[in-house]
Structures are given as C-alpha cells and as structure tokens.
There are 2 protein chains.
Amino acid sequence: MATRLHDLPTPALIVDADALEHNLATMAEAKPGAANRPHVKAHKCTPLAGLQSLHGHRSFTCATPREVMGMIASSMGDDLLLANEVLDARRLMIMASLQDQAQITIAIDSDATLDAAAEAGLTRVIIDVNVGLPRCGIAPDKAGALADRARARGLTVAGVMGYEGHLMMVTDRAEKKAKVDEAVDLLLAAHADVGGEVVSSGGTGTYDLHDRVTEVQTGSYALMDTSYASLGLPFRQALHLWTTVIASTDQWAVCDGGLKSLGMDHGNPAIEGQFVWFCSDEHITFSPERDSGNAIAPVGSHVKVAPAHVDPTVAYHEYLHIVRGEEVLDTWAIDLRGW
Amino acid sequence: MATRLHDLPTPALIVDADALEHNLATMAEAKPGAANRPHVKAHKCTPLAGLQSLHGHRSFTCATPREVMGMIASSMGDDLLLANEVLDARRLMIMASLQDQAQITIAIDSDATLDAAAEAGLTRVIIDVNVGLPRCGIAPDKAGALADRARARGLTVAGVMGYEGHLMMVTDRAEKKAKVDEAVDLLLAAHADVGGEVVSSGGTGTYDLHDRVTEVQTGSYALMDTSYASLGLPFRQALHLWTTVIASTDQWAVCDGGLKSLGMDHGNPAIEGQFVWFCSDEHITFSPERDSGNAIAPVGSHVKVAPAHVDPTVAYHEYLHIVRGEEVLDTWAIDLRGW
C-alpha cells in the first residue's frame, strides 16, 4: 500500500489521524467507558473499533449479523449489542454458536423476533422500544409483556433500548433537549415494566443530552460528515474522499469521486471553497464558489471531498487510509461490510 | 448458496431471469453485435457480461481500471473501452501489461491524460468529446489537434466518443431526438477532424435515437431501475432488492433494505402498492398506498424493492441472485467493484 497521500490510488477514503484522535478523546471524556457503546455501523472497521476500545469503550453496538461476527473474529467481542431485529434462522444460529466467545445481546420488538432469537439458541435479548421514530421498536406499554414472555422462555432480558433518530438533526438545543426528554420518558416507562440493567439510547446528535440512560450508542462522532457538522458538535471532520482531478475546463473541473464512493441520501458532498454541481457514478463536477477568487482545480491536482453521510459512504469502500499530513500511517480494511 | 428465493439471506439483490433475457434480447435485436458496446458499470458482474456476449456483443465499455482488469481476468476482453479518464500511473501500467490479452482503448480528453496513457505504454486511445454534458470530454473544435498529438506519440486513435448524459431523462421524444441530433452533430464534427473507425455515444435512454454513430454504450437496460422505467422503454424491471419485513405496526412496516443496499441519488426506491416513508441505513419504513386497500406487510413476509438507480445499488452488493419464480437458478459474484 502507498505510504504517501499523493501516491494513493483514487478515489480513496482518508482519515485524519489527529481529528480521529480528537473525536475519540472528546467522546471518551464526555461518556467514558461503558457510558458509551460505540456503533460500528458508522465505520465498519474493526481496527477503528480497536482504537475506540483503547479509549475505554469495551462494549459495542452493531447493526447487522456480519458486524457481530466480524467483531468477534477480531476479538472485539466483550459485549456486543445487535441493535436491530433479525429473523434469519441461519445467521441467528451462527451468532448463537459464538456466544461462548462473546456476550451477544440482540434486539427484539415482537413475538416473531423473540421466537427467532430463542429458537436459534440466543440467550440474551434487549427490548427495543419505539420512542417516536417510526421504525422498529415495540410500543412502550407493551414492552413489559414482551420481556415477560422472553423470560418465560428462559432468556435473559438485559433491559431496554430506544433510538430517537428523528431528533438527531433538530438544531435548536432547548427544543432538542425537551424532545429527547420526552423520548427518554417513554423509554424509562418501558424500563420500569421490563427491568434489567441496561437503558440504551442516543446517538452522536444527542449524546450530551442524555443523563437518565446507562449508555449512549454513538457512531458518527468518530469520522463525522457534513450533515452532523451542521450541528456544531465538538467533533471534527476526520473522513474525506481523496480524489484526483481528471478533467478541467474554463468553467468547471471533474474529480474521480462519485455516486459509487459516496452515500448520497443527505445530498451532495462538499469541497472546501468549491461548489458541487452534481455527481455521476464516477465523477463530481465542481467549480469555485462564486466571488471566492478560488481557481478552477487543474488536471492532476487532488481534491478532498467531505461526505454528506458517513455510514453509507464507508459501506462502499474496502479501506480506510489513516493519514497525518502527507504521510499514510496505516491502511485499515473496512472488514464489516455486508450483512 | 440458497436455491429457493425464500431461503436467501436478506437484503439480497435478485434478478428475474426472464426479464433479464427479455432485456438482452430486445437490445440485441435493436442494436446487434458491435452496434452495442454494453457498459459493465451498470452491473459490475462478469457472468452477466458473459450473457450479453452470448447475445452477440463482444465489445464492452468500462468505467474503471478494475472493471477492465476484471473483464480480462474473465476472458471477456476481446475489445474493451475504458470510457473514462485515468491519471494513475500504476493502474495505467497494469492495463498496459494486459494489452497482449485484450484490445484496450482508453479515453483521453487532455494533454495530461494523453501523456499518462502514453507513458504507461497504452497504445490505443479514443478522443472523449464534450457534447453538452458538463463533465469530461474535450471541446469538439480541439479534438482533432489532440488526436494529432496522440498519433505523433505513436498511439493509435480509435475515433471519438461523446456521452450525452444530460439528455437521458428528457421525456418528450421529439425534443429528445432533436437534442441528441445536436449532440451527434458535435461528435461528428469532432470525428471529421479526429478520424478513426469508432464513433461511440448514447445510453439506455437514447439508444434508439442514434443512427449516425457506429455503436452505443448502454448499461441500465439489462437490469433497469425505476428512473429509467419512467421513460417507457421496452425493457422490464429485472433487478429488485429482496427484503424481509422485520417489524410491523398498525401504521407502517419496516423491511431490512436501506441506505447501504440502495443507491439513493435518484430518491427513494419503490415497493409495489406501497408508499415508502423513508430509508435508514438498514431499514425502509413503508405503508400501503392510500386507498389501495393493501394490507400492512406482516413481520416475516418478504418485500421486493425496486431501486431508483441501478448502478450505485449494485456497487453495494457482493452477489446477484438469478431467480425464476421461487427458484434461485444461480448466484453471480459482482466481481468488478472498486477502482
């Protein structure tokens, strides 16, 4: 692998080592140790999870069975929470077979997901509670009965989780705090019926508004994206797509990033001092911001592109290159992709 | 691998074998043999390229060096056009070293891309001409001089290519035909100066409006997406994301597709008879279309999701499962991913 930034084949994901360190240290100070359960879905990279572990977090959140299996294969499995519902018997059984190597807790929110987990031989579940986001999660007033049924089948019920994803991008802090409190009220009401030691909630957009849960599930803080950057959080943009300008005219330039190297659901990526016209499969067309006085990027130059959404960006790539200035310190496999 | 559709682990890309066959046969009738140069970027799957070859097309278009290398590794390399500019010396040299196994033609649109190709030892180029899309491509009136410089360096100049990507989604057919003609006028003016036997243009959205080029570069027609489906083309939706409903309430259901299994730049995917509320990383929240009388999908049921944009959807996945009804006929690796 290349050891100099300008030798990297493009497009390539690069991570600023100092920004990453800043982000991990800042979160570890605010939510130390088990108070944060980092979500690996945001980077899908066990070496990066290892760095989070060095910052004191030994419990992790996963979104897919593949993430659980990969974390265990990399000995990162002290305490893994699969914060998602799974019905596939085969993958549930594979995870059950790994319970001697790791504590695995899986989310359930229905009789069907309880049945699937129990029949596969998984022994530990958490009740996923709907706290306002129209997605998974059982209604708060039904959570206790589901926990009772789980215990009746011999399962350990770890507690409750509830993700207030609909509140992550609320910009007014007082409004956000009030709404997070309402969501936590729902979660705690469910917890009163469910029992168990774990009350898990939150994300990068709300981590500092939680003081009544036992842990937060933060993912994006490690690498960040332009969407979370708009919230004024104390985390830096650590992730960029490193690209080469392959064409340049008197009106625009084109670099070799695009729709297959960037998650696009939050819109176009950003290039400092430049305006992004549009993205194609393997191209970004861009030009200097109006009145910026910036030059049109010449052919052969390199451009750092800031993704709008970190998670689906990382999922396109094989590697994260860890850089400091011009030096490529290390290249990490994004080894938790797929399902 | 599973041999029944309902045994596939989800999310999984499935391809309707009969729709695929219909699409390939329809295109092969309209643009037989060398009149179509299928673009592998739309499927990134050498077995599917093999099927296109059985339909008479032995020349292919690629968007990345990895696609070129993978096609040659799979003996699909009679005549490969890399329809994109590349400056990376290492990958250019790898491709140059493969010229004894395949005819490789690479697009150039500047002195820098000419120099890079020549210095790497590539021997055959095509002049990429800007026919209206603000992306790569040299101005038509400068194409001849670039071809002269290429020949002066000992390179073979195959001809010209120009992609009218900005016209693909024009819905009025007469307007589209007129605009395609204007683009082809530019391309032919450049060709008069450049020479060479190849005049390459077009895509799935314009293939039947071209009668003055030697070949069209069509990609999406094989698998299709909801965006191209809106054009009324004679191709069927062959590709779906096969998902499992993992949660269901009295207002919505949730399946296990999402932002990491679907290209999102063309907006939300479609589910027949259902309205898609939003997509999360690993979830789609949806409910019956208003007044449709459709039921909310129950937990454990399966849902076929039609992607809005085929190319960046395929790029997320490891496999295409070829299905007919309930039977999984074959599973093909999406082996041309990456750069």
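This is a predicted model: local features need pLDDT of at least 70, side-chain atom pairs count only at pLDDT 80 or more; totals for chains, interfaces and linings use all residues.
Residues are numbered from 1 along each chain as its sequence is written, chains are lettered from A and ligands numbered from 1 in the order in which they are written, and side-chain values use heavy atoms, with hydrogens and water left out.

**Where the two chains meet**

- Chain B puts 52 residues into the contact (heavy atoms within 4.5 Å), and chain A also supplies 52 residues.
- Between the chains there are 22 residue pairs in polar contact, both at pLDDT 80 or more; a polar contact is a pair of N or O atoms within 3.5 Å, and within protein one must be able to donate a hydrogen and the other to accept it, while residues adjacent in sequence count only if both atoms are side-chain atoms.
- On the chain B side, elements giving two or more residues include helix H4 (89-97), helix H5 (111-120) and strand E9 (239-248) of chain B; helices (H or I, at least four residues) and strands (E, at least two) are DSSP runs, numbered from the N terminus.
- E9(B) makes the largest share of that side, with 4 residues.

**Salt bridges**

- The whole structure has 42 salt bridges over all chains, each a side-chain nitrogen of Lys or Arg within 4 Å of a carboxyl oxygen of Asp or Glu.
- Chain B and chain A share 4 salt bridges.
- Glu318(B) pairs up with Arg66(A) in a salt bridge, with the closest N and O atoms 2.8 Å apart.
- Asp281(B) forms a salt bridge with Lys41(A), where the closest N and O atoms are 2.7 Å apart.
- Asp281(B) sits in the loop between E11 and E12 of chain B and Lys41(A) in the loop between helix H1 (17-30) and helix H2 (46-54) of chain A, so this pair joins two chains.

**The sheet in chain B**

- Chain B has an open, parallel sheet of 7 strands, ordered E2-E3-E4-E5-E6-E7-E8; two strands pair if DSSP finds at least two bridges between them.
- Its edge strands are E2 (59-62) and E8 (215-216) of chain B, each pairing on one side only.
- Strand E7 (residues 198-201) of chain B runs parallel to E8(B) over 2 bridges, and Ser201(B) has Val216(B) as its bridge partner in E8(B).
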